[in-house]
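Dear colleague,

Please find below the structure that I promised to hand over, followed by an account of what was found in it.

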There are 2 protein chains.
Amino acid sequence: VPLLIQELIRIKRDGGALSDDEIRAFISGITDGTVPDYQAAAMLMAVFLRGLDDRETASWAHAMVHSGDVVDLSAIDRPKVDKHSTGGVGDKISLPLAAAAAACGLAVPMVSGRGLGHTGGTLDKLESIPGFQVHLDLDRFVAQVRDLGVCLIGQTERMAPADRVLYALRDVTATVESVPLIASSIMSKKLAEGIDALVLDCKTGSGAFMKTRDEARRLARTIQAIGRAADTPVTVVLTRMSEPIGRAVGNATEVIESIEVLRGAGPADTRALTVALGAEMLLCGGLCATVEDGSVAMERVLDNGSALELFARVVEAQGGDRRAVDDPSRHLPAARGRTPVLAPTDGYVSACAADQIGIAALLLGAGRRRKEDAIDPAVGIEIACRIGDRVEAGQPLAFLLHCDRGVEAAHERVARAYTLAPAAPAPDQLILEVLR
Amino acid sequence: VPLLIQELIRIKRDGGALSDDEIRAFISGITDGTVPDYQAAAMLMAVFLRGLDDRETASWAHAMVHSGDVVDLSAIDRPKVDKHSTGGVGDKISLPLAAAAAACGLAVPMVSGRGLGHTGGTLDKLESIPGFQVHLDLDRFVAQVRDLGVCLIGQTERMAPADRVLYALRDVTATVESVPLIASSIMSKKLAEGIDALVLDCKTGSGAFMKTRDEARRLARTIQAIGRAADTPVTVVLTRMSEPIGRAVGNATEVIESIEVLRGAGPADTRALTVALGAEMLLCGGLCATVEDGSVAMERVLDNGSALELFARVVEAQGGDRRAVDDPSRHLPAARGRTPVLAPTDGYVSACAADQIGIAALLLGAGRRRKEDAIDPAVGIEIACRIGDRVEAGQPLAFLLHCDRGVEAAHERVARAYTLAPAAPAPDQLILEVLR
């Protein structure tokens, strides 16, 4: 008897659990198009409101992974470990991290996404490097991971196609913020990379999708359960996303900051996150015995230039202009204007709302409201003052790096993002918790 | 600012109430096609699981009524009152009732539906009369209501088109059994008829969509709330649907039983329901002072032939062969075979599951599994023994009226529908409650 999709929707609607076969039938119908969008949408809303248990979520993710190609990296000897971030503002960590982790001996087969809403995307940042190609076929992807230890691409047509259908539908049916749907979507793409282990940077705070630590922890646990079911351990690093990471928010500007980190410099928090996440990756991959050893190894490749050199070779291998790495200020797109946003009074910065800064960057053209929007790689925000900094009235809090659009609206957003207080706030931790 | 449909879905998803404007925007997008099916499906599931309050339900029904034409019967002097049944097995009441109520002086502008699943539909029954046209345009509909006091048609393309879209979607997205969605769907069609009042036969029991009396009462109250908001009073008659109504289940066979009732004869329960519902219609329309007076008036037109004559004139006016009324056994389609289902033991009939009988009739070809299925007007089930009857082993419980398909499967269903017990069951009421 063929499974009637409306019967599966009914089971979930009434709070029941779907069997592995039923989930497989649903996802397979999504993939081959025999389940129409309207049935998919009804199921997504039923899942949103009724949930999926860990077994169902793992099964759902597994079915999505196998709706398309799974990369075969078995011919590569190195441990294959990737990192994923749930999305933040100024989150350029993937760029220095992938190169540095590979310079330490890992294979990093990194498939990334684009920015949407107030968060940026690794692909958009990479594409601000003139010539950089993020759309490679899987053969070339595998060859580069083998030869250089790292390749940075976008999801191909044939990776987790069921996820692509459901992801697009969720956006227009108000079914995005569901832990099992978010977790299975992330893992369907990561497990398709053929990795041995994953480090998840799970962000929480005003600038993250998971506003509270409990929500973030729930997502983390769900992702770990999917990983366990697929024999792919996931280490979760819960990190704070209350202000942007580092000083650059945008695309070319974030590449510049990434290169600074790869030169052993850069803002302290950007470097610290890169080192911490890299150390966890090395630990997962068995390339170090303790996280402290991992940190030392990461710091070494950032400080001795080997991570930078590897990044430059990746840029070249993927068609990019290596001069953008050697002399970024001359060979990356630059904004035409740099306009300060001034402190209205004296005080201490007590908040710098990351989501507002992200939206300000979007308004300048650094992000997209809808998938089809074009972005301007040159624009963004340069953060001058961070939480805890003492400022005087008239001192720049941040600079808008702009071309011709959105300056006024972005100015207003950035000004609103900052809160000044008479006393310094209690210092807050960047890395909140590690779940191994 | 245009309303984003996903924002409306989100409000309902999170258990909020939609404003009248928001509901209007959603239904209007359904009508003009700017809201795609997948957004409609997500909203339907959110409504299914979160509900609509009375104000939202009335607003939803109102928006569906005004998504299309509303019949203007203001030029007709008589009180305009219709009846709707939530659907049963052997429920041919609309046929004798419409004619008898009109013979008593009401205008009955009756727009009916087709059978789906185990329940029959008035249009299918009427179409078993050779030549009978159920698809008339609204001008002809209004003219016939004016001239004869009654017209029996199907929903036109331009009546409540939003309901047609949502009704079709609900069927394939497991969002059928929702009280606000059922209530607003029923009322969107009935209010489009231009009636002054409605009598609702709300069925409960194993053969009804509402299995329990509480569910039926909840549907009744919701429909009354919609009616109140539209200044159209609704009287609800809660009736038992545990066994089929009367002795005939099918199409031509139900027309024959209807004609018997119109001749002042017919099974006692079919006549009793016709009289009771008609009395409530007359009371709603102000044509009698008490329900007892209304019953007397109904009995009179059934017994003196005036309802039968009016029915014959309606058949003629709508293109049907009036000889089917005068001599139904010769001029209505007849089944080729009549096969008894025998009692396996002695005993009292303690159950005759209406839904199983309905499915048996469907298997013989009297109903449809899917909208596009063709039906056979000649086939059906003839009930020989009813709940409470004393039977002996080998005595026929029912007869299958069949042509060439489904005889074995239908036989099994009918045999299974009957339960025989050593003692007579306690008698049950047909009319459970009237909510005026």
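Helix 2 of chain A covers residues 20-32 of this predicted model. The helix has 13 residues and reaches 18 Å from its first C-alpha to its last, close to the 18 Å expected at 1.5 Å a residue. Its buried residues are E22(A), I23(A), F26(A), I27(A), G29(A) and I30(A). Seen down the helix axis, these buried residues fall within an arc of 155 degrees, so they line one face of helix 2 of chain A. What do the buried residues of this helix pack against? Their partners are helix 1 (5-13), helix 3 (37-50), helix 4 (54-65) and helix 8 (161-172) of chain A. The face turned away from the buried side carries the exposed residues D21(A) and D32(A). Helix 2 of chain A is followed by G33(A), whose phi is positive, near 80 degrees.

Helix 5 of chain A (residues 94-103) may be considered next. Nine of its 10 residues are buried, so this helix is largely enclosed by the rest of the structure. The buried residues are S94(A), L95(A), P96(A) and L97(A), together with A98(A), A99(A), A100(A), A101(A) and A102(A). After helix 5 of chain A comes G105(A), which has a positive phi near 115 degrees.

In chain B, helix 11 (residues 252-262) is likewise described by its burial. Nine of the 11 residues of helix 11 of chain B are buried, so the helix is largely enclosed by the rest of the structure. The buried residues are A252(B), T253(B), E254(B), V255(B), E257(B), S258(B), I259(B), V261(B) and L262(B). Just after this helix, G264(B) takes a positive phi of about 85 degrees.

I turn now to a sheet in chain B. Strands of a sheet pair through backbone hydrogen bonds, either parallel or antiparallel. The sheet in question is open, has four strands in the order 1-4-5-13, and shows mixed pairing. Its edge strands are strand 1 (81-85) and strand 13 (431-435) of chain B, each of which pairs on one side only. Neighbouring strands of this sheet are turned by 15 degrees against each other on average, direction ignored. Strand 5 (residues 234-240) and strand 13 of chain B run antiparallel and are joined by four bridges. The bridge partner of L238(B) in strand 13 of chain B is E433(B).

Two helices of chain B pack on this sheet. Helix 9 (residues 179-191) touches strand 1, strand 4 (197-204) and strand 5 of chain B. The direction of helix 9 makes about 155 degrees with that of strand 1 of chain B. Helix 12 (residues 268-284) touches strand 1, strand 4, strand 5 and strand 13 of chain B, and its direction makes about 150 degrees with that of strand 4 of chain B.

Within the sheet, T235(B) is found in strand 5 of chain B. Is T235(B) buried or exposed? At 6% relative accessibility, T235(B) counts as buried, because the cut-off for that class is under 20%. Not counting residues up to four places away in sequence, T235(B) touches L198(B), V199(B), L200(B), Q224(B), E280(B), C284(B), V434(B), L435(B) and R436(B).

Some individual residues also deserve mention. A160(A) has a positive phi of about 45 degrees although it is not a glycine. A160(A) lies in the loop between strand 3 (150-154) and helix 8 of chain A, and is buried, with a relative accessible area of 0%. In chain B, A160(B) has a positive phi near 45 degrees and is a residue other than glycine. A160(B) is found in the loop between strand 3 (150-154) and helix 8 (161-172) of chain B, where A160(B) is buried at a relative accessible area of 0%. D171(B) is part of helix 8 of chain B and, at 34% relative accessibility, counts as partly exposed. The C-alpha atoms of D171(B) and A410(B) are separated by 25 Å, the two residues being 239 residues apart along the chain.

Finally, the two chains meet at an interface. In contact there are 21 residues of chain B and 21 residues of chain A. Chain B and chain A bury about 1,800 Å² between them, 69% of it on carbon and sulfur atoms. R13(B), Y38(B) and L49(B) supply 33% of the area that chain B buries against chain A, more than any other three residues.

With kind regards

Conventions: Residues numbered from 1 in each chain as written. Chains lettered and ligands numbered in written order. Predicted model: local features only at pLDDT ≥ 70, side-chain atom pairs only at ≥ 80, totals over all residues. Heavy atoms only, no water. Expected span 1.5 Å × (residues − 1). Buried < 20%, exposed > 50% of the residue type's maximum accessible area, 1.4 Å probe, protein only. Arc of directions from axis to C-beta. Contact = heavy atoms within 4.5 Å. Pairing = 2+ DSSP bridges. Axes fitted to C-alpha atoms, helices over the stretch in contact; angles between N-to-C directions. Buried area = accessible area lost by both parts, 1.4 Å probe.
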